[in-house]
Amino acid sequence: MAKKKVAAVVKIQIPAGQATPAPPVGTALGPHGVAIMDFCKAYNAQTEAQRGTIIPVEITVFEDRSFTFVTKTPPAPVLLREAAGVAKASQNPGKEVAGSVTAAQIEEIAKIKLPDLNAIDLEGAKKQIEGTARSMGLTVK
């Protein structure tokens, strides 16, 4: 069987279980001729358990207009905001504190994010998550 040729790779972030043909899905996939409703149904079915969380997805569009997609782990800032219980990050990180997270919460988020990070081990992943927390104006206790 011959391999299909890749026409495009599209990366978008969509709330889990809530993909609709409206933007951003329609505007990202429409120019490539993908059946948008087919993608929405497949994505919503796969992410139903994580409903409400933002889930990045990488969609590979082939020349025959078929597609495959891979869901990633939620973005670190989303997980950190959830753990700290804040609605948004600090406008002036380093000068004002938006909230705080514990070392245990950092470790838990690092375990979730480890497959998508370019860290060798859990310690490296924790350092990356701590850096993201600091840049959001969160203190690590």
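**Val25 and its surroundings**

Let me begin with Val25, which, once its neighbours within four places in sequence are set aside, is in contact with Ile12, Ile14, Ala19, Thr20, Gly30, Ile36, Phe39 and Cys40. Contact here means heavy atoms within 4.5 Å. Before going on, the background: this is a predicted model, where local features need pLDDT of at least 70 and side-chain atom pairs count only at pLDDT 80 or more, while totals for chains, interfaces and linings use all residues. Residues are numbered from 1 along each chain as its sequence is written, and side-chain values use heavy atoms, with hydrogens and water left out.

Buried means under 20% relative accessible area, exposed means over 50%, and partly exposed is in between, with a 1.4 Å probe and protein chains only.

**The rings**

How many aromatic pairs does the structure hold? There are four aromatic pairs. Phe39 and Phe67 have ring centres 6.0 Å apart and planes at 70 degrees, so this pair is edge-to-face. The pair links distant parts of the chain, with Phe39 in helix H2 and Phe67 in strand S3 (residues 67-71), 28 residues apart. Phe39 counts as buried because its relative accessibility is 0%, whereas Phe67, at 21%, counts as partly exposed.

Tyr43 and Phe69 form a tilted aromatic pair, 6.4 Å centre to centre with 55 degrees between the planes. Tyr43 lies in helix H2 and Phe69 in strand S3, so this pair ties together parts that are 26 residues apart in sequence. Tyr43 is buried at 0% relative accessibility, and Phe69 is buried at 17%. For the terms: rings of Phe, Tyr and Trp (its six-membered ring) pair if their centres lie within 6.5 Å; planes under 30 degrees apart count as stacked, over 60 as edge-to-face and the rest as tilted. Ring pairs link Phe39, Tyr43, Phe67 and Phe69 into a cluster.

**Two more residues**

Asn44 also lies in helix H2, which covers residues 36-47. Is Asn44 buried or exposed? Asn44 counts as buried because its relative accessibility is 17%. Beyond its neighbours within four places in sequence, Asn44 is in contact with Gly17, Gln18 and Ala19.

Arg134, in helix H5 (residues 122-135), counts as exposed because its relative accessibility is 51%. Between Arg134 and Pro93 there are 41 positions in sequence, and 7.1 Å in space from C-alpha to C-alpha.

**The whole chain**

The protein has five helices and five strands, in the order β-α-α-β-β-α-β-α-α-β along the sequence. Helices (H or I, at least four residues) and strands (E, at least two) are DSSP runs, numbered from the N terminus. Of the 141 residues, 37% count as buried. Along the principal axes, the C-alpha atoms fill a box of roughly 55 × 30 × 25 Å.
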